[in-house]
Amino acid sequence: MMMKKLRKIFAFVAAVAAFIFYMAEELDLLNAQTGSGSGGDASQLEIPVMKGNRHSQIIRYMGFTLSYNSGTRLPDWVAWELTADEADGENPRKDRFRQDSQVRGPQGDKADYKHSGWDRGHMAPAGDFKWSADAMDETYYFTNICPQNTQLNTGDWRELEEQCRRWAKKYGKLYIVCGPVIQDNRHGKLGDNEIVIPDKFYKIVLLHVAGEYRSAAFIFDNPPPRKSRISGKPPVKRALKSYSTSVSEVERVTGIDFFPTLHADIKSLSL
């Protein structure tokens with residue numbers, strides 16, 4: 001009887017060990033596919049998990065990581081960490097938009113945007129990477145660029161970029177994820193490379209303060225230039241709070257799981 005019980009215990013322990021080993025292998029695979037551009041540190045929380053098979057290519061740059069979708073010619077998501085020191089970089093901005101040679105499949109180019117009325121909108125902003133001329137230079141790859149309404153790009157989207165740098169200086173570190181929202185594709189496609197024009201854009205910010213994680217999520221509409229671009233007038237600015245939403249809502253409209261290693265309740269916290 002005793003031997004029979006011992007065999008059951010040994011079998012249970014072996015099963016648990018096999019499960020742990022299996023999960024470790026799965027985690028290693030996930031980290032290899034979605035690691036950060038600064039060396040694939042598995043502890044970085046900003047790397048999302050895609051839901052469904054989108055045939056996207058994970059590309060790791062010096063300061064950020066993105067999932068490039070050759071079907072839309074857009075990033076599914078762009079993720080990076082921003083520290084207080086990085087928010088205070090001094091390298092000057094140099095606009096040098098270009099294609100990335102490591103991309104598999106088609107991508108946007110300068111000619112697609114020419115005379116279109118749409119801005120070449122950065123997802124990971126050049127201003128977050130002034131700590132390195134090379135890192136900033138990589139933000140100008142078209143893998144990191146989306147057709148963006150001029151008023152938005154130079155107005156409230158920029159304001160949120162600046163607010164993120166203020167938060168980084170205040171709290172020490174932020175995790176940021178942003179990208180386009182494709183719903184009805186109401187604006188069609190852009191240029192010979194047929195870049196899908198986003199209906200909206202999202203940005204999510206995560207920080208750790210007072211012993212807990214806090215998140216803030218935003219969704220911005222991306223109206224066509226003819227309805228919002230007013231020559232000679234500055235962008236109309238709204239309070240960032242008016243764009244505020246939940247991480248869960250961004251997950252719903254994008255089909256992306258953000259901060260997957262954190263408990264779901266943390267996603268509902270706000271700044």
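Q148 touches W118, D119, G121, M123, N153, W157, F201 and N222, residues up to four places away in sequence being left out and a contact being a pair of heavy atoms within 4.5 Å. The structure is a predicted model, in which local features need pLDDT of at least 70, side-chain atom pairs count only at pLDDT 80 or more, and totals for chains, interfaces and linings use all residues. Residues are numbered from 1 along each chain as its sequence is written, and side-chain values use heavy atoms, with hydrogens and water left out.

The mean pLDDT of the protein, on the predictor's per-residue confidence scale from 0 to 100, is 83, and 79% of the residues reach 70 or more. Over residues 11-42 the pLDDT is below 50, and this stretch has 28 contacts in the model beyond near neighbours in sequence.

Q148 belongs to strand β6, residues 145-148, where strands (E, at least two residues) and helices (H or I, at least four) are DSSP runs numbered from the N terminus. Q148 is buried, its relative accessible area being 0%; buried denotes under 20%, exposed over 50% and partly exposed the range in between, with a 1.4 Å probe and protein chains only. N149, in the loop between β6 and α4 (150-153), is likewise buried, at 2%, and a polar atom of the N149 side chain lies 2.9 Å from the backbone oxygen of P223.

In helix α7 (residues 247-254), the buried residues include V247, V250, E251, V253 and T254. The buried residues of α7 pack against β7 (173-181), β10 (200-209), β11 (212-221), β12 (244-245) and β13 (256-257), and just after the helix G255 adopts a positive phi of about 70°.

Notes: Polar contact = N/O pair within 3.5 Å; in protein donor to acceptor, adjacent residues only side chain to side chain.
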